[in-house]
Amino acid sequence: MLFPDPPSAEESAPFEPPVRLDPAALLEGLTDDTPLLDGGLLDSLDALELVSFVSENFGISLAPDDMRVENFASITAISTFIDMHQPR
């Protein structure tokens, strides 16, 4: 059989609503050097939004070489990246 039969109602786990994350709880303990990507605070889509935000709000044209994890790894890294690339 290519596809198994779906589980019966007795075999299915009860529906659980999605967990709602408290933004304040996510930020608790956040420092300038907290790993954002490796620490799981941001996923790949969040990282793309962050790159876009930095580009648009700080007037930075990003080259392919700029798209490195270490440039967006923490608040400190982002701040350093902006300082080094922002038009003067």
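**View 1. Right-handed crossing of helix 2 and helix 3 in a predicted model.** Helix 2 and helix 3 cross in a right-handed manner (a crossing is right-handed if the near helix is turned clockwise from the far one by less than a right angle, and left-handed if anticlockwise). The contact is made by Leu-50, Val-54 and Phe-58 of helix 2 together with Ile-78, Phe-81 and Ile-82 of helix 3; contact means heavy atoms within 4.5 Å. The two axes come within 11 Å of each other and cross at roughly 35° (axes are lines fitted to C-alpha atoms, for helices over the stretch in contact, and angles run from 0 to 180 degrees between N-to-C directions). The structure is a predicted model, in which local features need pLDDT of at least 70 and side-chain atom pairs count only at pLDDT 80 or more, whereas totals for chains, interfaces and linings use all residues. Residues are numbered from 1 along each chain as its sequence is written, and side-chain values use heavy atoms, with hydrogens and water left out.

**View 2. Overall arrangement of the protein chain.** The chain has three helices and zero strands, and its pattern along the sequence is α-α-α. Helices (H or I, at least four residues) and strands (E, at least two) are DSSP runs, numbered from the N terminus. Of the 88 residues in the protein chain, 17% are buried (buried means under 20% relative accessible area, exposed over 50%, and partly exposed in between, with a 1.4 Å probe and protein chains only). The chain exposes about 7,300 Å², of which carbon and sulfur atoms supply 59%; accessible areas come from the Shrake-Rupley method with a 1.4 Å probe, and for residues only the protein chains shown count as cover. Among contacts with a separation of 6 or more, 50% are accounted for by residues 24 or more positions apart.

**View 3. The largest nonpolar core.** Ten residues form this core: Leu-36, Leu-37, Leu-50, Val-51, Val-54, Ile-60, Phe-72, Ile-78, Phe-81 and Ile-82. Helix 2 (44-58) and helix 3 (75-85) are the elements that give two or more residues to the core. A nonpolar core is a set of buried Ala, Val, Leu, Ile, Met, Phe, Trp, Tyr and Cys residues joined through side-chain atoms within 4.5 Å. Leaving aside neighbours within four places in sequence, Ile-78 is in contact with Leu-36, Leu-50, Val-54, Asn-71 and Phe-72.

**View 4. Surroundings of Phe-58.** Phe-58 is placed in helix 2 and is partly exposed, with a relative accessible area of 27%. Apart from neighbours within four places in sequence, Phe-58 contacts Phe-53, Ile-82, Gln-86 and Pro-87. The C-alpha atoms of Phe-58 and His-85 are separated by 8.9 Å, while the two residues are 27 residues apart along the chain.

**View 5. Two residues of the loop between helix 2 and helix 3.** Leu-62 is found in this loop, and Ser-74 also has its place in the loop between helix 2 and helix 3. With a relative accessible area of 22%, Leu-62 is partly exposed; Ser-74, at 9% relative accessibility, counts as buried. Residues up to four places away in sequence not being counted, Leu-62 touches Val-51, Ser-55, Met-67 and Phe-81. Between the C-alpha atoms of Leu-62 and Val-51, eleven residues apart along the chain, the separation is 8.4 Å. Ser-74 is in contact with Asp-32, Asp-33, Thr-34 and Leu-36, its neighbours within four places in sequence being left aside. Ser-74 and Asp-32 lie 6.4 Å apart in space, C-alpha to C-alpha, and 42 residues apart in sequence.

View 6. A search of the whole structure finds one salt bridge, defined as a side-chain nitrogen of Lys or Arg within 4 Å of a carboxyl oxygen of Asp or Glu. Arg-68 forms a salt bridge with Glu-70, and the closest N and O atoms are 3.7 Å apart. Arg-68 is partly exposed, its relative accessible area being 42%. Asp-46, which lies in helix 2, is partly exposed with a relative accessible area of 30%. The C-alpha atoms of Asp-46 and Leu-36 are separated by 9.9 Å, with the residues ten residues apart along the chain.
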